[in-house]
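Below are my notes, in the order I looked things up.

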Amino acid sequence: MTFVVPFDGSTLSEAALARAVEYGDALGQEVVAVSVVPERKRFAREKGWIGEGESFDVDAAVETLRERVADVAPDVAFEAERIREYPPPEELADRVEQLALAHDPTVLFVGSENVGRIVTPLASVGAQVSDDPTYDVYLVRSAEPRAIAGLGAAADDREDV
């Protein structure tokens, strides 16, 4: 069993990674974070990786994502794929799913504000990757998901569980 987290450095992808680690620790399962990084400034600006007018170094972006994964979950494996084009959201989602499928996931932990809208917006990677019946999908819609008793440090730190 492998838990895979599509990771773009957003707050919700970090929350999904933290939740995957909690479940992975509780169930003794490996967690892998995956990222697809188009080599285009426009995508980097949209993701908040660079500001307006800043240059974009795709290798630096991949390394920053790797470091952010390590900050959230030091023992999690990280894999990134660089792509030259900036495809439409559904093609980008296909690339994310292909990268995730390489790890034979049993559960995909997806952090997306769009996913909470009944998993249908085309702009959501979550809408695309949640369509595959070979794995379950855990949707993270809140940066601070409710703690579940017995799972990870978050459950231990909260008094109002």
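**Entry 1: helix H3**

Which residues of H3 are buried? I was working with a predicted model, and I found Val-58, Ala-61, Val-62, Leu-65 and Val-69 buried there. Looking down the axis of H3, I saw these buried residues fall within an arc of 100 degrees, so they line one face of the helix.

Next I asked what covers them.

At the N-terminal end of H3 I found a cap, and Asp-57 provides it. One of the side-chain oxygens of Asp-57 lies 3.0 Å from the backbone nitrogen of Asp-59.

**Entry 2: stepping back to the whole chain**

How many helices and strands does the protein have? I noted six helices and five strands. Starting at the N terminus, I wrote their order down as β-α-β-α-α-β-α-β-α-β-α.

I then looked up burial for the protein as a whole: of its 161 residues, 40% are buried. For contacts between residues at least 6 apart in sequence, I noted that 68% join residues at least 24 apart.

**Entry 3: the cores**

Which residues have the most contacts inside the largest nonpolar core? They are Leu-17, Val-31 and Val-76, in a core of 25 residues. I traced where its members come from: strand E1 (2–6), H1, E2, H3 and strand E4 (107–111) each supply at least two residues.

I stayed with Leu-17 for a moment. Leaving out residues up to four places away in sequence, Leu-17 touches Val-5, Phe-7, Val-31, Ala-33, Val-69, Val-72, Ala-73 and Val-76. Val-69 was already on my page as one of the buried residues of H3, and Val-31 and Val-76 share with Leu-17 the listing for most contacts inside the core.

There is also a second, separate core, this one of 13 residues. Among its members I noted Val-32, Val-36, Ala-100 and Leu-108.

**Entry 4: Ser-35**

Is Ser-35 buried or exposed? Its relative accessible area is 2%, so Ser-35 is buried.

Around Ser-35, beyond residues up to four places away in sequence, I listed contacts with Phe-7, Leu-65, Phe-78, Glu-79, Ala-80, Glu-81 and Leu-99. Phe-7 also turned up among the residues that Leu-17 touches, and Leu-65 is one of the buried residues of H3.

**Entry 5: salt bridges**

How many salt bridges does the structure hold? The tally is eight, and I looked at a few of them. As a reminder to myself, side chains of opposite charge can pair when their charged atoms come close.

- Arg-19 and Glu-22 meet through their side chains at 2.6 Å, N to O. The two are three residues apart in helix H1, so about one helical turn separates them. Arg-19 is buried at 3% relative accessible area, and Glu-22, at 11%, counts as buried too.
- Glu-63 bridges to Arg-66, with the closest N and O atoms 3.4 Å apart. This pair sits in helix H3 with a spacing of three residues, which means about one helical turn between them. Glu-63 is partly exposed at 36%, and Arg-66 is partly exposed at 34%.
- Glu-52 and Arg-45 form a salt bridge at 3.7 Å, N to O. Here Glu-52 is exposed, with 71% relative accessible area, while Arg-45 is partly exposed at 30%.

**Entry 6: Ala-143**

Where is Ala-143 placed? I found Ala-143 in the loop between strand E5 (136–140) and helix H6 (152–157). Its relative accessible area is 40%, so Ala-143 is partly exposed.

Which residues does Ala-143 touch, residues up to four places away in sequence aside? They are Thr-11, Leu-12 and Ala-15. I then checked Ala-143 against Ser-13: the two are 130 residues apart along the chain, and 8.5 Å separates their C-alpha atoms.

Conventions:
Residues numbered from 1 in each chain as written. Predicted model: local features only at pLDDT ≥ 70, side-chain atom pairs only at ≥ 80, totals over all residues. Heavy atoms only, no water. Buried < 20%, exposed > 50% of the residue type's maximum accessible area, 1.4 Å probe, protein only. Helix = DSSP H or I, 4+ residues; strand = E, 2+ residues; numbered from the N terminus. Arc of directions from axis to C-beta. Polar contact = N/O pair within 3.5 Å; in protein donor to acceptor, adjacent residues only side chain to side chain. Core = buried A, V, L, I, M, F, W, Y, C linked by side-chain atoms within 4.5 Å. Contact = heavy atoms within 4.5 Å. Salt bridge = Lys/Arg side-chain N within 4 Å of Asp/Glu carboxyl O.
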